[in-house]
Amino acid sequence: LSVAPVEDPVVMSKIRQNLREKHARHIADLRAYYDSEIQSLKQQLEANLSFECFKKLVCLYILNRCEQLDAALNEASARIKALENKNNLLEKQVAEWRERFHALSSTSRDLQERLEELRASHKDKDNTISRLQSRLRELQEAFEKASKSSDNKNTRLKEESKMFQNLLGEYESLGKEHERVKDTLNTTENKLLDANTEISDLKRTILKLEAQLKQVEHENMLKLRH
């Protein structure tokens, strides 16, 4: 350039070519730079969009999980409430059966005492009947001996016969009383047997209710722990 004139067409053509080449390289560099920036912005935008979608999915999952846990909590609360009601009902039933068991036990003791009294009375009456039978035999023997005596003893025989009739009436009355006591004793023994049977049934029922109560308490504890 310092040698050739400025107006030389060849020189001007070379200058313009160099300028075009520099301009093209500059344009290419700018295009590459902006393309890189645009690509980076696209990547950032896609990353932001993916993160937003991820946050939405996480929020939806958390909301769904909360609803499930809330439903499970409500179900567990209802189950615990039902178990508590069942527990209270079983406790009331156990208390009622225990009261009935105590009442039947008291009745059984009273019947046992009454039975012992009747047995003692029956034994006393048996002894009295034995004595009367022995006395009756003695009187019969005396009556037979007296009947073989002379006629002078008619008055004595009449008295002894009257005494014999009185003793015979007393014996018959005691025999009827003895039969009545036997019937009463049998009835009392049957009642005592029925009471003992019912007490055994009540014991088994109480044991079964206590086992159910323990099972319900165990289930309740498991639900509460859960």
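Visitor: Okay, which residues make up the largest nonpolar core here?
Guide: There are seven of them: Ile129, Leu132, Leu136, Leu139, Phe164, Leu167 and Leu174. Keep in mind that this is a predicted model.

Visitor: Got it. Which helices supply at least two residues each?
Guide: Helix 1 and helix 2 both do. Helix 1 gives the most, with four residues.

Visitor: Let's pick one residue. What is Ile129 in contact with, leaving aside neighbours within four places in sequence?
Guide: Tyr171, Leu174 and His178.

Visitor: Switching topic: how many helices and strands does the chain have?
Guide: Two helices and zero strands.

Visitor: So is the chain spread out or compact?
Guide: Spread out. The radius of gyration is 60 Å, while the globule rule gives 17 Å for 226 residues, so the chain is more spread out than a compact globule. The C-alpha trace spans about 210 × 20 × 15 Å along its principal axes.

Visitor: How much of the chain is buried?
Guide: Buried residues make up 17% of the 226 residues.

Visitor: Now Ser108. Where is it, and is it buried or exposed?
Guide: Ser108 is in helix 1. Its relative accessibility is 10%, and buried means under 20%, so Ser108 counts as buried.

Visitor: Which residues is Ser108 in contact with, again skipping neighbours within four places?
Guide: Leu192, Ala195, Asn196 and Ile199.

Visitor: What about contacts in the whole chain, for residues at least 6 apart: what share join residues at least 24 apart?
Guide: That share is 87%.

Visitor: Last topic, holes. How many cavities of 30 Å³ or more turn up?
Guide: A search of the whole structure finds one. The largest cavity holds about 30 Å³ of space.

Visitor: What lines the largest cavity?
Guide: Leu139, Ala142, Phe143, Glu160, Ser161 and Phe164. Helix 1 (9–147) and helix 2 (154–225) are the elements that give two or more residues to that lining.

Visitor: How does that lining split by class?
Guide: Four residues are nonpolar, one is polar and one is charged.

Key:
Residues are numbered from 1 along each chain as its sequence is written. This is a predicted model: local features need pLDDT of at least 70, side-chain atom pairs count only at pLDDT 80 or more; totals for chains, interfaces and linings use all residues. Side-chain values use heavy atoms; hydrogens and water are left out. On a 1 Å grid over the protein atoms alone, a cavity is a set of points where a 1.4 Å probe fits but cannot get out, and a pocket is an open set with protein on both sides within 12 Å along at least five of seven lines; lining residues have an atom within 4 Å of a point. Grid points are joined across faces, edges and corners, and a volume is the space filled by probe spheres set on the points. Ala, Val, Leu, Ile, Met, Phe, Trp, Tyr, Cys and Pro count as nonpolar, Asp, Glu, Lys and Arg as charged, and the others, Gly among them, as polar. Buried means under 20% relative accessible area, exposed over 50%, partly exposed in between (1.4 Å probe, protein chains only). Contact means heavy atoms within 4.5 Å. A nonpolar core is a set of buried Ala, Val, Leu, Ile, Met, Phe, Trp, Tyr and Cys residues joined through side-chain atoms within 4.5 Å. The radius of gyration is taken over C-alpha atoms; the globule rule is 2.2 Å times the number of residues to the power 0.38.
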